[in-house]
Amino acid sequence: MIRSVRFENFRCLRDVELSLTPLTVLVGPSGSGKTSVLEGLQYRISCEHSDYWRFDTTQQIALQWTFADGQQVRRVFPIVEVDSWALNGHAVQGLALELSALRSDGSLGRDMALTPTGDNLASVFAGLGPAQREAVVSQLCRLVPHIGDVGLQQTGPQSQQLRFRDRWQENLWFTPWQVADSVLLLLAFLILPHQTPLPDVLTLDEPERGLPPRVLGEVVGGLRKLSVGTPDRPPVQVIIATHSLELLEYVRHEEVRMLSRSPEDGSVRVSAPRQDTQDWRGRDSAPS
C-alpha cells in the first residue's frame, strides 16, 4: 500500500504531500488539483510545458512515493519512459469512465481489465468465468430490478455488444444505447473485483457521474470491500476524486482529503476534516 505521495512542481501541485488510506476520497472544487493527483499516481508524467508549475521548465518535477513497508521511491522528470503499471511492485489502474465508451462495441476477444475510459466493457464481461458472470449479473439485477439478464451479441466479424434483457419479457433485449447510464456504470463497478490481475492501486475520477444517489452507497460499499480484500483476493488501494456531497455520506472522515488553492499563489493545499465536526459533509466542502 502507498502510505503517502509527495508532488513537487507538478502542475498546480507546487509542494504537496498527500497521506493515503486503503480508501481515500479527494474532495474539492473544480480546478483544485484532484485530477492532477490521480494522474500523478500513475507514475508516468508527460512533462509537457503545461505540466510544470507556472509553466517554468527550469524547475524539476519530482514525485516521491512512500510505501507501507517504509520504502521510498523518488523520481525526477523527465526520465526514460517507465511502465505506468509497475513501480516498486505496485500496479496502478486509473479509471475515468465515459458513458459513450462504456456503450461502445468491444473486440470479439476476451479482455481481463478495463481500459481507462471503459471502452472494452463488453470484452471484459466476455472474459468473466461462469461463476463470476453469474455473480455480477445477479448483483446488477438486484440493483436495477427491471433488468433480468445480461448477454453478448456479435455485431461484426471482430466485434460484440452487450445486451440487457427485460425482466418481464424474456425475448426483449436492449442495446447499451437503450438502457440508463447507471446500468452501464454499475456493471463496470461490479466487474472491478473480477479483473485479472487486480491492480494494487485503483484511481477513480468522479465515479458518481451518471449514478442516482440511491446507489452511491452500494458503489462506495463495493469499493471499500475491494480496499479491504478477502481471504481469496488481496486488497486494492482505492483513491477517489469526487464532487458529490451525496457520496460523502458514505465515507469516513479519516478517508477524506480536502483540496483547495492558496489565495496567495494558487498552489494546492491539502487538509483533513476535523474529527469533532461533520461540517465537511456540508456546504463548506461543496464544489464551486
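Modeller: The buried residues of α5 are covered by elements including α2 (99–102), α3 (121–126), α4, β9 (159–166), β11 (201–205) and α6 (213–228). Helices (H or I, at least four residues) and strands (E, at least two) are DSSP runs, numbered from the N terminus. The model is predicted, so local features need pLDDT of at least 70 and side-chain atom pairs count only at pLDDT 80 or more, while totals for chains, interfaces and linings use all residues. Residues are numbered from 1 along each chain as its sequence is written, and side-chain values use heavy atoms, with hydrogens and water left out.

Biologist: What makes α5 mostly covered?

Modeller: Of its 11 residues, 10 are buried. Buried means under 20% relative accessible area, exposed over 50%, and partly exposed in between (1.4 Å probe, protein chains only). The buried residues of α5 are S182, V183, L184, L185, L186, L187, A188, F189, L190 and I191.

Biologist: Why is α4 called oblique to α5?

Modeller: Helix α4 (residues 130–143) and helix α5 (residues 181–191) pack at an angle of about 140 degrees, with their axes 10 Å apart. That angle makes α4 oblique to α5. Angles under 35 degrees count as roughly parallel, over 145 as roughly antiparallel, 65 to 115 as roughly perpendicular and the rest as oblique. The axes are lines fitted to C-alpha atoms, for helices over the stretch in contact, and angles run from 0 to 180 degrees between N-to-C directions.

Biologist: Which residues make the contact?

Modeller: On α4 they are V136, Q139, L140 and L143, and on α5 they are V183, L186, L187, L190 and I191. Contact means heavy atoms within 4.5 Å. These residues divide into 8 nonpolar, 1 polar and no charged. Ala, Val, Leu, Ile, Met, Phe, Trp, Tyr, Cys and Pro count as nonpolar, Asp, Glu, Lys and Arg as charged, and the others, Gly among them, as polar.

Biologist: How do you know whether N9 is buried or exposed?

Modeller: N9 has a relative accessible area of 14%, and therefore counts as buried. N9 is in strand β1 (residues 2–10), and its phi is near 60 degrees, a positive value in a residue other than glycine.

Biologist: Why is F55 called partly exposed?

Modeller: Its relative accessible area is 49%, so F55 is partly exposed. F55 sits in the loop between α1 (34–40) and β4 (61–67). Phi of F55 is near 60 degrees, again positive in a residue other than glycine.
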